[in-house]
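Here is a short report on one protein model.

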Amino acid sequence: MTNDLFAMTWLSACFLGLFGVSELIHRTTSVKVEHTRKLVHFGTGVLTLLFPVFLTSSWSVLVLCASFAVILLLSLKYKFLPSINAIDRESHGSILYPLSVYSCFLVYEYQDFDRMFFYAPILVLAIADPMAALFGKRWPKGKFTLRKDSKTLMGCSAFFGSALVILTGLCLSFNKEISLEQIYQLILVSLGATLVESVSGKGSDNLTIPLSVVLLLSLFASI
């Protein structure tokens with residue numbers, strides 16, 4: 001537990017440092033809020049990957065995630081952290097992210113500490129989601145609207161391709177080889193996550209994307 005406390009301390013410092021950097025960029029440059037928000041989105045994803053390495057208990061993860069959920073809730077109420085919150089749309093993504101991380105860690109523990117069940121959902125959210133936004137805005141082909149949220153087929157394609165590359169890379173990294181059946185399963189997981197992302201609005205994809213990935217991976221693992 002002592003090691004967990006030490007790890008929680010320096011992980012907290014890293015997260016706060018990331019918030020500080022995004023605030024500094026926001027206040028001293030002309031970088032748009034969407035970009036500083038994406039910076040924090042990606043940075044928190046990278047730092048979260050360290051949880052299975054340094055934290056041994058889901059209770060430690062719960063304390064860490066709950067603490068930052070409180071900070072983010074207060075930032076919304078008292079209007080600080082504009083580099084994350086000063087967007088022109090309603091979004092609950094920053095609040096849902098800590099819940100998502102904790103849920104994925106619980107599944108990781110339940111699956112006998114198989115890191116695929118933690119790294120896959122976190123990396124898909126940290127990389128594939130921003131890639132969808134980047135490609136969708138750069139090449140807005142095939143626009144459609146769901147629940148007042150604008151999406152593009154280009155963005156969905158970028159998400160699917162990124163998710164498949166991430167899942168395949170992780171599978172090869174952990175298993176050293178991959179069967180044809182596993183490739184089909186990874187395609188279905190990527191497709192499922194893409195569909196979930198396309199229908200998730202107001203930042204709910206920070207929760208629905210990781211949960212869809214772990215649930216589909218767990219389903220195929222049980223078959």
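Ser 58 is buried, because its relative accessible area is 10% and the cut-off for buried is under 20%. The residue sits in helix H4, which spans residues 58-78. Beyond its neighbours within four places in sequence, Ser 58 is in contact with Tyr 102, Phe 105, Leu 106 and Glu 109. Keep in mind that this is a predicted model.

**Confidence**

The protein has an average pLDDT of 88. A score of at least 70 is reached by 94% of the residues.

**Overall build**

The protein contains 10 helices and 2 strands. Starting at the N terminus, the order is α-α-α-α-α-α-α-β-β-α-α-α. The radius of gyration is 17 Å, which agrees with the value near 17 Å for a compact globule of 223 residues. Along the principal axes, the C-alpha atoms fill a box of roughly 50 × 50 × 25 Å.

Of the 223 residues, 47% count as buried. Take the contacts between residues at least 6 apart in sequence: 72% of them join residues at least 24 apart. The protein exposes about 11800 Å². Carbon and sulfur atoms supply 68% of that area. As for charge, there are 17 positive and 14 negative side chains. The centres of these two sets lie 13 Å apart.

Pro 52 belongs to helix H3. Is Pro 52 buried or exposed? It is buried, with a relative accessible area of 7%. Leaving out neighbours within four places in sequence, Pro 52 is in contact with Phe 105, Tyr 108, Arg 115, Phe 118 and Tyr 119. Phe 105 is also among the contacts of Ser 58. Pro 52 and Phe 68 are 16 residues apart along the chain, and their C-alpha atoms are separated by 18 Å.

Ile 95 is part of helix H6, residues 93-110. Its relative accessible area is 21%, so Ile 95 counts as partly exposed. Not counting residues up to four places away in sequence, Ile 95 touches Ala 69, Leu 72, Leu 73 and Leu 76. Ile 95 and Ile 71 are 24 residues apart in sequence. In space, they are 9.3 Å apart, C-alpha to C-alpha.

**The loop between H6 and H7**

Asp 112 lies in the loop between H6 and helix H7 (116-138). Phe 113 is found in this loop too. In general, most residues other than glycine have a negative phi.

Accessibility for the residues discussed here:

| Residue | Relative accessible area | Class |
|---|---|---|
| Ser 58 | 10% | buried |
| Pro 52 | 7% | buried |
| Ile 95 | 21% | partly exposed |
| Asp 112 | 67% | exposed |
| Phe 113 | 45% | partly exposed |

Terms used:
Residues numbered from 1 in each chain as written. Predicted model: local features only at pLDDT ≥ 70, side-chain atom pairs only at ≥ 80, totals over all residues. Heavy atoms only, no water. pLDDT = per-residue confidence, 0-100. Helix = DSSP H or I, 4+ residues; strand = E, 2+ residues; numbered from the N terminus. Rg over C-alpha atoms; globule rule 2.2 N^0.38 Å. Buried < 20%, exposed > 50% of the residue type's maximum accessible area, 1.4 Å probe, protein only. Contact = heavy atoms within 4.5 Å. Areas by Shrake-Rupley, 256 points an atom, 1.4 Å probe, with all protein chains shown as cover. Lys, Arg positive; Asp, Glu negative; His and termini not counted. Charge placed at Lys NZ, Arg CZ, Asp CG, Glu CD.
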